[in-house]
Amino acid sequence: MTRQKILIDCDPGHDDAVAILFAHHHLDLVGITTVHGNNSLENVTRNALSVLELAEIDVPLAMGACAPLAQPLAASAGVHGARGLDGADLGEPTRKPIETHGVDFIIEMARHYRGELVLAAIGPQTNVAMALRREPRLKAWLKEITVMGGSTERGNVTPAAEFNIHCDPESAWAVFNSGIAIRMVGLNVTRRAGVNDADIARLMTSGRKVAGVVGDLLDFYLARQRERRGAAVAPMHDVCAIVPYVDEKLLSYVPAWVDIELAGRHTRGMTVCDLPARAGAVGQDGEVRTNALVAVDARSQDLIELVVDTLVAYP
């Protein structure tokens, strides 16, 4: 069976790190691009390189945008620690990013794998928006974009906005209004899909190098989630955007119209999700308007079991 080709645009981040490892194990990971978000571009790039080195994953990594399109750089996500991936000493990676800019690399990979490539946008969507504007043919070349971002319910940075969208709402607007096929999995699903103490203990006692290091990282991440949000699990937000290409039964999607609020004083960065049954998603011709498949449910326990099994499977 041919593995799905995937390129990950990310800002590691504990859950980004797990998403990279999960994607490489199950799919044909053709490369990584990094973007501002959970921490500075320099730190998230170092973190991504360290994860690749830890698991001996040999794929190119390109640095992308260091700031949003039209607003000041957002504060780092403190839940991930000072360096963006605290909890284990990964050391300084010996590998370096390629010379190509992340935006150009996305375009190159999409051109090379026309019709075959899924782009996983699991951080702010600045690189993706810039690539779509730089190369209009990109939306015909990509198979689809899978987005971890937004929510059909509450946000986590503000009552309305989720972190990835909040970091660069203009870029998210450009992506969702581009006409490209999009899958969106948001906080309404991902905050329920998380690792608990037992999952982390299994990783830490597995006797496997990668699983042990990831266990240490996730132990820190869960402690921060408890301290800051009273959470019982450490949510694996980003891997939820990858899972459907491995086991489509683990997430349930519905077609919807999604737009990004840019002007609201209290709602800027909100993903306004209009389900097809509602009047707002019906055009004057009576046809339902949709621009995304939006995740509405997940088999969270099965999903996390698959993720933990994958991490333990690394040598």
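Student: Is E56 buried or exposed in this model?
Tutor: In this predicted model, E56 sits in the loop that runs between helix 2 and strand 3. Its relative accessibility is 71%, and because exposed residues are those over 50%, E56 counts as exposed.

Student: What is the phi of E56?
Tutor: Most residues other than glycine have a negative phi, and most peptide bonds are trans. E56 is not a glycine, and yet its phi is positive, at about 55°.

Student: Which residues does a cis peptide bond join, and what is its omega?
Tutor: One of the two residues, G13, is found in the loop between strand 1 and helix 1 (14-26). The cis peptide bond joins P12 and G13, with an omega of about -15°.

Student: What is the order of the strands in the open sheet of 9 strands?
Tutor: The pairing within this open sheet is mixed, and the twist from one strand to the next averages 30°. The edges are formed by strand 3 (61-63) and strand 10 (271-274), each of which pairs on one side only. Read across the sheet, the order is 3-2-1-4-5-6-11-9-10.

Student: In which sense do strand 5 and strand 6 pair, parallel or antiparallel?
Tutor: Strand 5 covers residues 144-148 and strand 6 covers residues 182-185, with 4 bridges between them. Among the residues involved, V147 has M184 in strand 6 as its bridge partner. The sense of this pairing is parallel.

Student: Over how many bridges do strand 9 and strand 11 pair?
Tutor: Strand 9 pairs in the antiparallel sense with strand 10, over 4 bridges, and there I260 stands opposite T271. With strand 11 the sense is also antiparallel, and A256 has A292 as its bridge partner in that strand. The number of bridges between strand 9 and strand 11 is 6.

Student: At what angle does helix 7 run to strand 9?
Tutor: Helix 7 (residues 169-176) lies across strand 5, strand 6, strand 9 (251-260) and strand 11 (292-298). Its angle to strand 9 is about 115°.

Student: Which strands does helix 2 lie across?
Tutor: Helix 2 spans residues 41-54 and runs at about 175° to strand 3. The strands that helix 2 lies across are strand 2 (28-34) and strand 3.

Student: What is the relative accessibility of T34?
Tutor: T34 lies in strand 2, and, leaving aside neighbours within four places in sequence, its contacts include D9, C10, L41, V44, T45, A48, L61 and N127. T34 counts as buried because its relative accessibility is 0%.

Student: With which side chain does the side chain of K5 make a polar contact?
Tutor: K5 has its place in strand 1 (residues 5-10) and counts as buried because its relative accessibility is 17%. Leaving aside neighbours within four places in sequence, K5 is in contact with D28, V30, Y113, E116, L117 and V118. The polar contact, at 2.7 Å, is with the side chain of D28.

Student: What does the side chain of R114 reach at 3.2 Å?
Tutor: R114 has its place in the loop between helix 3 (102-112) and strand 4 (117-121). At 3.2 Å, its side chain reaches the backbone oxygen of R111.

Student: How many disulfides does a search of the whole structure find?
Tutor: C10 is buried, with a relative accessible area of 0%, and the nearest cysteine sulfur, that of C167, is 14 Å away. For C273, the closest cysteine sulfur, in C240, is 16 Å away, which is too far for a bond. Across the whole structure, the number of disulfides found is 0.

Terms used:
Residues numbered from 1 in each chain as written. Predicted model: local features only at pLDDT ≥ 70, side-chain atom pairs only at ≥ 80, totals over all residues. Heavy atoms only, no water. Pairing = 2+ DSSP bridges. Axes fitted to C-alpha atoms, helices over the stretch in contact; angles between N-to-C directions. Contact = heavy atoms within 4.5 Å. Buried < 20%, exposed > 50% of the residue type's maximum accessible area, 1.4 Å probe, protein only. Polar contact = N/O pair within 3.5 Å; in protein donor to acceptor, adjacent residues only side chain to side chain. Disulfide = S-S within 2.5 Å.
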